[in-house]
Amino acid sequence: MIGLPLLSTLLVLLLLFGLSLLWLELRHRLRPASPLRLRPGSFDVRRSGESVEVSGEIRIENPHGRMEVFVPEIKVEPVLLGKGSLAEVKRSVSITPLHPDEEARADGYWFAYIVKGHKRTAARIDLRFTAPTGVNVAELLDTLWLDIRWINYGPFGRLERRDGILVPLQRPEPIQADQASWRAGEGCRVLPLRTHLLGVLDNPQEVLERYAGSLIQPGDVLTIGETPLAVIQGRYHHPSTVEPSLLARQLCRVFHPTSSLATACGLQSLIDVVGPARVLCAWLAGTALKAVGSKGWFYRLAGDQARLIDDVTGTTPPYDQTIVLGPQDPQAFCEAMARSLGVGVAVVDVNDLGRVKVLASNSGCDEALLHRALRPNPAGNANERTPLVLVRPA
């Protein structure tokens, strides 16, 4: 029987632990933060042999009811991916404010603008890429990454923000039925489908219909990788925008060096999603259970995002410079796409070691079939650009 002094000590320790968790959560939630959100509008690409021109809009929204936030600076740096050397490609960039209540300056200067509560503003971005005579720049350039760096200034202080928008400059033609090279699997056939580099400008339903619409048949299952779906949903951010807490800097050291949680920014990204108290409790419980031979409890207790976060270098360029979270609500996505396409749809996470995880699938989907079909990892983990895989029962 526990004596009264020991019981009192345990209660005090539990109280102190609870207060520590409460302090962690409050400190996390009260960090300086700006309410502004940058969203891409539509982008248009015009290609000729001599030049590639891109124009589009970005929108800055303030969902806060009372806070007014300044945007004193905004810069756009184009990063190009191509099929060869880009040393001779010349670039020009211009940003034109599209404020609802102020005229843009003729000299192109971005003047400090206040985004009031429940208001928004926008800007047009125009880019032109040219190359010397004899270089077909339209064929050379493949993908454009817009690295947008902007300042938020307000009651929270001065924050440097960084966002990225991927603009595909080339799109492969969809495979036709008579061109398809199916691979034989265990009781099935498998067809990886090549796409352009995907990003926030893409509509996921349009992507699935464009690259698989002419191939699918009743009984098929169309899969999409969890990371490509996440980047379409905009669930990525640059490490420079992450402020690692003391908890993240210390706790990341206990993870295996190859884990995406083994860096302070990677672990902080998980903390930002689920909160510091849950991460700390998951680690304490996971460590205790691991000591008695039961492994993997940290990931179960910390939630799905703990397994799905891809740290820097974990994805294909240019996302290799960012931290990518897992997709949002993959179950709803699968159900909606299955109704639209008339076939099974699944979101999967597969690696070269034969590990297949079906994050979500529509009701009635044969997940056992997917495990057999995807175990050889037909989509690959390099730069194959085959985020879609069509599985057909034999």
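1. Pro97 stands opposite Ala123 in β7. Strand β7 (residues 120-130) pairs with β5 in the antiparallel sense over eight bridges; strands are DSSP E runs of at least two residues, numbered from the N terminus, and two of them pair if DSSP finds at least two bridges between them.

2. A word on the basis: this is a predicted model, where local features need pLDDT of at least 70, side-chain atom pairs count only at pLDDT 80 or more, and totals for chains, interfaces and linings use all residues. Residues are numbered from 1 along each chain as its sequence is written, and side-chain values use heavy atoms, leaving out hydrogens and water.

3. Now the sheet. Four strands make up an open, antiparallel sheet in the order β1-β2-β7-β5. β1 (37-47) and β5 (90-97) stand at the edges with a single partner strand each, so one side of each has no neighbour in the sheet.

4. At 8% relative accessibility, Ser51 counts as buried (under 20% relative accessible area, with a 1.4 Å probe and protein chains only). Not counting residues up to four places away in sequence, Ser51 touches Arg46, Arg128, Phe129, Thr130 and Val137, contact meaning heavy atoms within 4.5 Å.

5. Finally, a helix pair (helices being DSSP H or I runs of at least four residues). In α3, Pro204, Gln205, Leu208 and Glu209 meet Phe333, Met337, Ser340 and Leu341 of α10.

Notes. Buried means under 20% relative accessible area, exposed over 50%, partly exposed in between (1.4 Å probe, protein chains only).
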